[in-house]
Amino acid sequence: MKKLLAGLFLSVLVLALAACGAGKKDDTNSNASSGDKSDNKENVTLTIGASNTPHAVILEKAKPALAKEGIDLKIETYQDYVLPNQHLESGELDANYFQHLPFLELSMKENGYDFVNAGAIHIEPIGIYSKKYKSLEDLPKGATILLSSSVSDHGRMLSLLEAKGLIKLKDGVDKTAAEIKDIAENPKNFKFDANTAPEMLVQMYENNEGDAVLINSNFAIDNNINPLKDAISLEDKESPYVNIIAVRADDETKPEIKKLIEVLKSKEIQDFIIEEWKGSVVPVK
């Protein structure tokens with residue numbers, strides 16, 4: 001009888017332990033499933049086109065902060081001012097970061113793009129460079145000034161020349177859209193050559209072409225030219241030509257675009273811009 005009772009007790013005990021074990025296994029599986037659900041939440045991929053410097057450099061710095069927000073930033077770099085907007089229009093890009101606002105507005109007008117400015121990030125003061133002369137005052141009468149062939153750059157470049165006292169534009173002209181024909185006074189009879197693509201102006205400067213060359217800071221920096229040290233004159237930091245994030249209309253309300261702007265305007269990124277470029281690239285608030 002004792003042996004029978006002992007056997008029965010042992011059987012009950014084994015069954016009880018097995019039940020407990022099964023319960024624990026189920027709990028573990030339940031927790032694992034819950035964890036998997038959280039871990040399997042997919043990140044959003046945001047593809048953005050950018051000029052090499054400083055735009056792509058700034059975006060690379062922003063990648064870790066965006067990753068924490070579930071956004072995988074994919075950066076496509078460009079060396080021209082045409083393809084980034086074409087690829088944004090075609091859907092190959094979710095956004096681009098290479099152009100200032102007047103350029104965006106002109107590009108939309110000329111090509112029918114339906115884009116919007118999602119946020120202003122920084123300013124790159126444009127510079128006047130010369131291998132022959134050390135100051136604007138040294139430029140002789142009849143000097144040849146090389147400008148970008150991009151008409152959208154002309155208003156900015158001519159406004160800079162006017163601000164430095166070299167020319168005067170016609171009264172009432174929209175300075176952001178000014179052209180060479182809008183020059184009213186040219187005391188030194190400078191000759192203006194606007195036949196060089198923006199990305200080729202650095203080469204013209206290096207080849208000692210012309211007497212002075214106006215170069216966008218992103219191209220200068222990309223070719224190891226320091227605007228603060230090498231330019232004989234530099235655009236004021238209050239320039240209205242802010243570099244922006246452009247997106248297709250209505251995309252500016254997407255959470256990932258809003259988060260991109262938030263990160264790019266963060267103190268961390270603004271401090272990085274100031275430290276990295278020492279004033280040749282200036283963040284905007």
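Two strands count as paired if DSSP finds at least two bridges between them. Helices (H or I, at least four residues) and strands (E, at least two) are DSSP runs, numbered from the N terminus. This is a predicted model, so to speak of local features we need pLDDT of at least 70, side-chain atom pairs count only at pLDDT 80 or more, and totals for chains, interfaces and linings use all residues. Residues are numbered from 1 along each chain as its sequence is written, and side-chain values use heavy atoms, with hydrogens and water left out.

Start with the pairing. Strand S6, residues 144-148, pairs with S9 in the parallel sense over four bridges. Ser148 stands opposite Thr196 in S9. In general, the strands of a sheet pair through backbone hydrogen bonds, either parallel or antiparallel.

Now the whole sheet. It is open, has five strands in the order S9-S6-S10-S5-S11, and its pairing is mixed. S9 (191-196) and S11 (233-234) are the edge strands; each has a single partner strand, so one side of each lacks a neighbour in the sheet.

Next, what lies across it? Helix H5 lies across S5 (127-129), S6, S9, S10 (212-215) and S11, and runs at about 145° to S6. For that angle, axes are lines fitted to C-alpha atoms, for helices over the stretch in contact, and angles run from 0 to 180 degrees between N-to-C directions. Contact here means heavy atoms within 4.5 Å.

H5 covers residues 151-163, and its 13 residues reach 19 Å from first C-alpha to last, close to the 18 Å expected at 1.5 Å a residue. That expected span is 1.5 Å times one less than the number of residues. Is H5 buried or exposed? Of its 13 residues, 11 are buried, so the helix is largely enclosed by the rest of the structure. Buried means under 20% relative accessible area, exposed over 50%, partly exposed in between, with a 1.4 Å probe and protein chains only. Among the buried ones are Asp153, His154, Arg156 and Glu162. After H5 comes Gly165, with a positive phi near 80°.

Then the serine. Ser51 is in strand S1, residues 44-51, and counts as buried because its relative accessibility is 5%. Leaving aside residues up to four places away in sequence, Ser51 touches Ala56, Tyr78, Tyr97, Phe98 and Asn218.

Last, the overall counts. The protein has 10 helices and 13 strands, and 45% of its 285 residues are buried.
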